[in-house]
Amino acid sequence: MRSKGNGGNNGSSSSLCSLLLQVQSGNDIKFQDFQSWCAFLSFANAFFAVLVILGNSVVFAAFYRFESLRTASNFLLLGLSFCDFFVGLVTQPLLATEIGLVATNSEIACTFKDLYVIFLFAFNSSSMVHICLITIERSVAIFYPFKHQRWITKMKIVIFLVLFWISWALITVFTRRNHGGGIIGYSRMAFVIFSATFVVTINLRLWIEARKHSMRIHNALPLTSFSNVTNSTEGSRESRNSVAKAARDSKAAKTILLITGILILCNLPIIATFVTRKFYNVRGRVVTLLWFASNTIVLLPSFVNPLVYCWRRRDIRVSVKRMFGCRNVVGVQR
């Protein structure tokens, strides 16, 4: 059955989900204005979904064409891009469809709402897991550099990611009925907050450690010797590698901090809206629009992350430029 406008009989209303009920019972803005905002948010999600798919497809293509990018560390970054790609392919289109169906007062919106929440957990929350894994891998690389080469290999990373996605899919399926609220909903929010705190704390420590290591190298080398190391091919290869490694570690830590900072900022609106709805029992069409807008914002990191990779990672940036015909760039071999 379908209810139109503000009304609908009691029998049909009782079968609707809470999302449609608050839209039908709310009178804080006109329904026509509500529909206009829903159309805008639905179009915005569809537009960003296309950009997310294109951006992460470029990352996939770069990894496919340039073997030098396929390192053990980069496979974790590829896993994060995989999560973002499916946000654009599945999660964001579901949200766009849900918003459009709510604007038409269709009961099918309740089904799409449930599907959206399930896939939000499956792909968006898993992005945070991958950021944590990247942080752990970087910690091992900085604090245990010799063990890192033995522990972190491409084969081990691939096997781990396959096992992770099998486990994550099973968790998603078996907890699918509780994602919207209850212990699963609150646990998911607590997990995001805890993971973000963990990533920020560890990467700040990694950045400080990399800076200290870089300063120790600079202080240990005389100015003339350092000039020879950095500018002459006859310099000490070991010292040159140490300088480059310290710079890479520092930049990698700042990159993860940037990605995590964007993720935290994009999660703040949905946390605020969730708290307002759950604990202050605020309902109505305006709150529903704010809920849709905050869910749109929470998916934005999937669009921003490929841009961050190309900006912060020279090897990826050079690979992308070469794919698009800039043959004069150097730095990455096939």
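This is a predicted model: local features need pLDDT of at least 70, side-chain atom pairs count only at pLDDT 80 or more; totals for chains, interfaces and linings use all residues.
Biologist: Okay, and which residue does Arg-313 form a salt bridge with?

Modeller: For a salt bridge, a side-chain nitrogen of Lys or Arg has to be within 4 Å of a carboxyl oxygen of Asp or Glu. Here the closest N and O atoms are 2.8 Å apart. Arg-313 pairs with Asp-315.

Biologist: How many salt bridges does the structure hold?

Modeller: Besides the pair of Arg-313 and Asp-315, there's one between Arg-138 and Glu-137, with the closest N and O atoms 3.0 Å apart. For the whole structure, the number is two.

Biologist: Is Arg-138 buried or exposed?

Modeller: The cut-off for buried is under 20% relative accessible area. Its salt-bridge partner, Glu-137, comes in at 4% and is buried. Arg-138 has 17%, so it also falls under that cut-off and counts as buried.

Biologist: Now the largest pocket: which helix gives the most to its lining?

Modeller: The pocket has a volume of about 1100 Å³ and is lined by 32 residues. Arg-138 and Arg-313 turn up again here, among the residues that lie nearest its centre, along with Ser-73, Asn-74 and Arg-248. Elements giving two or more residues to the lining include helix 4 (72–103), helix 5 (108–143) and helix 10 (237–279). With nine residues, the one that gives the most is helix 10.

Biologist: Where does Asn-105 lie?

Modeller: Most residues other than glycine have a negative phi. Asn-105 has a positive phi, near 60°. It is also buried, with a relative accessible area of 1%. As for its place in the chain, Asn-105 lies in the loop between helix 4 and helix 5.

Biologist: Last one: how far apart are the end C-alpha atoms of residues 255–276?

Modeller: An unreviewed UniProt entry lists this span as a transmembrane region, and 75–95 as another. Residues 75–95 are 100% helix, with end C-alpha atoms 29 Å apart. Residues 255–276 are 100% helix too, and their end C-alpha atoms are apart by 32 Å.

Notes
Residues are numbered from 1 along each chain as its sequence is written. Side-chain values use heavy atoms; hydrogens and water are left out. UniProt positions are given in the numbering used here, feature names are shortened, and annotations may be inferred rather than shown by experiment. Helices (H or I, at least four residues) and strands (E, at least two) are DSSP runs, numbered from the N terminus. On a 1 Å grid over the protein atoms alone, a cavity is a set of points where a 1.4 Å probe fits but cannot get out, and a pocket is an open set with protein on both sides within 12 Å along at least five of seven lines; lining residues have an atom within 4 Å of a point. Grid points are joined across faces, edges and corners, and a volume is the space filled by probe spheres set on the points. Buried means under 20% relative accessible area, exposed over 50%, partly exposed in between (1.4 Å probe, protein chains only).
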